[in-house]
Amino acid sequence: MLINYLKIALRNLRKQRFYAGINILGLSIGVACCLLISLFVWDELSYDQHHDKADRIFRINSDINFGGKREIYAVAQAPMAAALREEIPEVETACRFRRWGNRLLRREGTKQNFSEEKIVWADNEIFDVFTLPLVAGEKGRLLSDPNTIVISETAAKRHFGDLNPVGQNMILDNETPVKVTGVFEDIPKASHFHYDFFLSMAGLDEAKSTAWLSHNFNTYLVAKPGTDPKVIETKVAAMFRKYAGPQVKQAVGITLEELEAQGSWARYTLFPLKDIHLKSDEIAEHEPNSDMAYIWIFSAIAVFILLIACINFMNLATARSSNRAKEVGMRKVLGSVKQQLVGQFLTEAFLMSAIAFTFAIVLGQLVMPYFNRLTGKSLEIPFSNPGFLGILLAGTLAVGLLAGSYPAFYLSSFRPLEVLKGKLQSNIRSGWLRHSLVVFQFSISMLLLAGTAVIYRQLNFIQNKRLGFEKEQVLLLSDAGSLRENFKGFKNELEAMPEVSNLTASCFLPVNSCRSDNTMWIDGKSMDQFSLNIQCWWVDENYLATLGMSLLEGRFFSEEFATDSTAVVLNETAVKKFGFENPIGQRINQFDDNSLATYTTYTVIGVVKDFNYESLRENIGPLSFYYSPNQQSNLSIRFDAEAGVGNFIEKVRASWDAVSPGLPFDYAFLDDRFNRMYETEQRLGNIFVIFAGLAIFIACLGLLALAAFTAERRTKEIGVRKVLGATTANIFTLLTSEFTRWVLIASLIALPLSWWGAKKWLENFAYQADLSWWIFALALVVALLVALLTVSFQALRAAWANPVNSLRSE
């Protein structure tokens with residue numbers, strides 16, 4: 001029986017090549033999209049699953065509300081990890097990381113330095129917390145001693161080639177020898193941190209701090225099996241009160257309880273390791289994380305595109321039911337029962353689904369490199385995984401059942417007497433389900449179109465918003481501080497270049513870079529009356545001019561004023577927070593270090609116009625500048641290269657190489673660094689464009705087939721109308737008005753939903769583009785035009801046909 005079903009199914013596919021081709025093409029594209037997005041989603045959900053103790057690993061998050069500002073940090077205090085291990089029995093072990101920016105590293109005995117970005121200070125216990133398989137070295141005391149380092153396989157190959165690195169020395173920042181004690185396997189891509197170098201925390205003085213009011217260390221713990229995280233959180237809170245209480249009293253002059261009564265707090269929570277990548281976006285993350293909301297969005301897109309393809313199958317199968325009605329009638333007269341007819345039609349659906357899945361896999365393999373570039377991943381189809389093959393088989397059956405079930409039961413329900421008498425036409429003509437499915441298809445298409453328009457409008461708004469600084473034509477040299485005694489000579493050489501209009505030395509920039517905050521309060525008032533948590537940036541006198549910032553009041557720093565060592569310049573937001581009506585000359589206090597034992601009084605000498613120094617997802621916060629004229633740090637160079645940017649960079653490189661042979665010349669542009677802050681949104685926009693286009697394309701494939709069928713079904717009606725005087729325009733309007741009505745009805749569903757979704761997405765940004773009405777009107781117009789263009793060919797073909805040919809047999 002099954003062989004007979006397959007023969008008939010193949011015969012019907014050959015007989016209806018046009019409609020079968022449209023169904024298979026639509027299903028293939030739909031399944032390929034679903035496959036690619038599923039691989040992407042699966043990869044995102046698999047982050048940090050490779051650690052043996054992943055279910056019991058937690059990160060300490062710090063929720064701090066102080067100085068009128070609440071912030072959640074992915075870091076904790078220096079003594080937290082040791083206290084967790086020693087004082088909380090439910091904690092198996094704990095470890096810390098401390099990031100410190102790029103460092104120079106080279107193999108001892110060589111002169112060529114490498115600027116290493118993936119480097120971090122770490123406790124020896126990281127190998128007990130995380131699964132970091134060793135290629136060389138023995139676990140136990142890898143990072144117990146100062147000036148030791150463990151490196152990845154990739155780093156070992158880069159620095160040592162085929163030599164065994166263990167026991168060899170590397171030179172850190174051109175001065176400190178560090179001994180390689182081990183080599184670990186490269187950290188998998190599906191991890192929320194990726195480092196090639198772990199420096200021993202035992203050699204970092206800051207790691208020995210006992211300050212419980214300073215948060216700089218990413219801290220992780222392993223809970224013992226069966227432990228409730230809430231139990232550990234309660235004990236961490238008690239431990240904080242025990243150690244931080246005396247320090248608060250010393251720093252603020254009031255008890256921790258009194259400070260909390262004023263609305264301030266410090267709370268510590270355990271955040272599950274496996275949730276970090278998709279559910280954490282706190283201050284001081286190792287790397288930018290993804291967002292669970294995008295996983296839901298991409299999953300929905302995959303499902304919707306597959307549904308659109310399945311709807312095409314259902315629509316065409318039911319629309320062409322009249323062509324197979326007599327076949328059903330004859331089969332029933334000859335003894336076929338409903339179950340046999342259902343089996344026949346489902347076999348056809350399963351066969352088409354199997355062909356579509358085969359083509360989809362080939363298509364997915366072909367476009368995988370482009371998809372990887374689009375998403376920034378290295379995905380591949382796991383053909384060797386038996387589970388994947390099982391999912392493909394189940395998917396083939398599920399899509400066949402989804403697409404073929406309704407047509408199968410619908411066609412098999414025809415009554416043979418009515419079919420053979422030709423009384424079926426009136427039932428088919430209603431087609432309410434078919435119309436509803438087309439409306440659903442175009443609703444999804446318009447949702448994606450409107451979403452694409454909103455994302456690109458927001459990105460354009462970000463790129464063109466007045467930020468309060470000029471990001472174009474600023475060259476950044478992030479390793480300039482490594483020049484040491486040659487720094488000043490190199491800086492002077494740059495200043496003498498005619499292309500350079502200004503330059504400044506500071507690692508603090510209005511893009512992702514150095515950050516430092518501290519607590520300030522008005523001199524003459526106690527800290528508990530009012531204090532402000534504020535960003536503190538150390539800059540030189542050329543900072544404002546180089547970055548194109550505006551001074552509203554007073555003056556900026558100058559070499560001519562010796563008192564500028566205790567001067568401060570505030571931004572507008574800080575002035576408002578302090579409540580200064582006349583800020584110039586006001587005096588404010590700030591702690592000198594993390595011990596909070598001493599403070600310095602600074603005098604306000606100027607006010608800078610607010611500028612966006614964080615992502616536009618955040619409001620502008622209070623910020624202060626301090627004078628540091630001789631710092632050897634990152635160089636920002638404003639240039640005007642009429643002879644060409646490339647020539648200017650080569651000129652700078654030549655000067656660099658002359659004073660620093662062996663040091664890598666790494667540069668970037670400020671506007672590129674700014675745009676990099678919005679890579680996630682840019683990728684989201686690109687994905688929306690592609691999949692919105694594919695959704696429209698698949699929907700239009702179905703529309704094309706429906707239009708062809710409609711024109712075919714109404715051939716004689718059109719012939720009669722033309723004989724009675726109908727024009728080509730009349731016939732065209734007759735055939736396209738029905739499809740136009742479907743699209744308009746779809747817009748009533750899609751546009752309100754897209755407006756709501758866009759409004760919710762834009763809430764992630766403190767600065768938003770307007771949700772103009774024309775965005776949604778554009779989505780409607782595009783969908784309408786595409787639909788009309790799709791059906792126009794069939795409509796015009798029917799309108800131009802000679803009526804004699806259609807009425808010849810009447």
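**Exercise 1. A surface patch**

Which residues make the nonpolar surface patch of about 380 Å²?

*Solution.* This is a predicted model, in which local features need pLDDT of at least 70 and side-chain atom pairs count only at pLDDT 80 or more, while totals for chains, interfaces and linings use all residues. Residues are numbered from 1 along each chain as its sequence is written, and side-chain values use heavy atoms, with hydrogens and water left out.

Step 1: the patch is made by Ile745, Leu748, Ile749 and Leu753. Patches consist of residues with over 30% relative accessible area and no salt bridge, where like charges are joined within 9 Å and nonpolar side chains (Val, Leu, Ile, Met, Phe, Trp, Tyr) within 5 Å; the areas come from the Shrake-Rupley method with a 1.4 Å probe, and for residues only the protein chains shown count as cover.

Step 2: Leu753 lies in helix α23, residues 728-762, where helices (H or I, at least four residues) and strands (E, at least two) are DSSP runs numbered from the N terminus.

Step 3: Leu753 counts as partly exposed because its relative accessibility is 46%, given that buried means under 20% relative accessible area, exposed over 50%, and partly exposed in between (1.4 Å probe, protein chains only).

**Exercise 2. An open sheet and its helices**

Determine the strand order of the open sheet of 4 strands, and state which helices lie against this sheet.

*Solution.* Step 1: the order is β15-β23-β14-β24, with antiparallel pairing; two strands pair if DSSP finds at least two bridges between them. The edges are held by β15 (500-505) and β24 (668-669), each of which has a single partner strand, so one side of each is left without a neighbour in the sheet.

Step 2: helix α16 (residues 487-495) packs on the sheet and touches β14, β15 and β23, its direction making about 155° with that of β15. Contact means heavy atoms within 4.5 Å, and axes are lines fitted to C-alpha atoms, for helices over the stretch in contact, with angles running from 0 to 180 degrees between N-to-C directions.

Step 3: helix α19 (residues 645-659) lies across β14, β15, β23 and β24, and runs at about 30° to β14.

Step 4: within the sheet, 4 bridges join β14 (residues 474-477) to the antiparallel strand β23 (residues 635-639), and Leu475 has Ile637 in β23 as its bridge partner.

**Exercise 3. Salt bridges**

How many salt bridges does the structure hold, and is Arg59 buried or exposed?

*Solution.* Step 1: the structure holds 27 salt bridges, each being a side-chain nitrogen of Lys or Arg within 4 Å of a carboxyl oxygen of Asp or Glu.

Step 2: one of them joins the side chains of Arg59 and Glu285 at 2.8 Å, N to O. This pair links distant parts of the chain, 226 residues apart, with Arg59 in strand β1 (residues 57-66) and Glu285 in the loop between α8 (276-279) and α9 (292-319).

Step 3: Arg59 counts as buried because its relative accessibility is 0%, and Glu285 counts as buried at 9%.

Step 4: for another setting, take Glu763 and Lys760, whose side chains meet in a salt bridge at 3.8 Å, N to O; Glu763 is partly exposed at 46% relative accessibility, and Lys760 is partly exposed with a relative accessible area of 42%.
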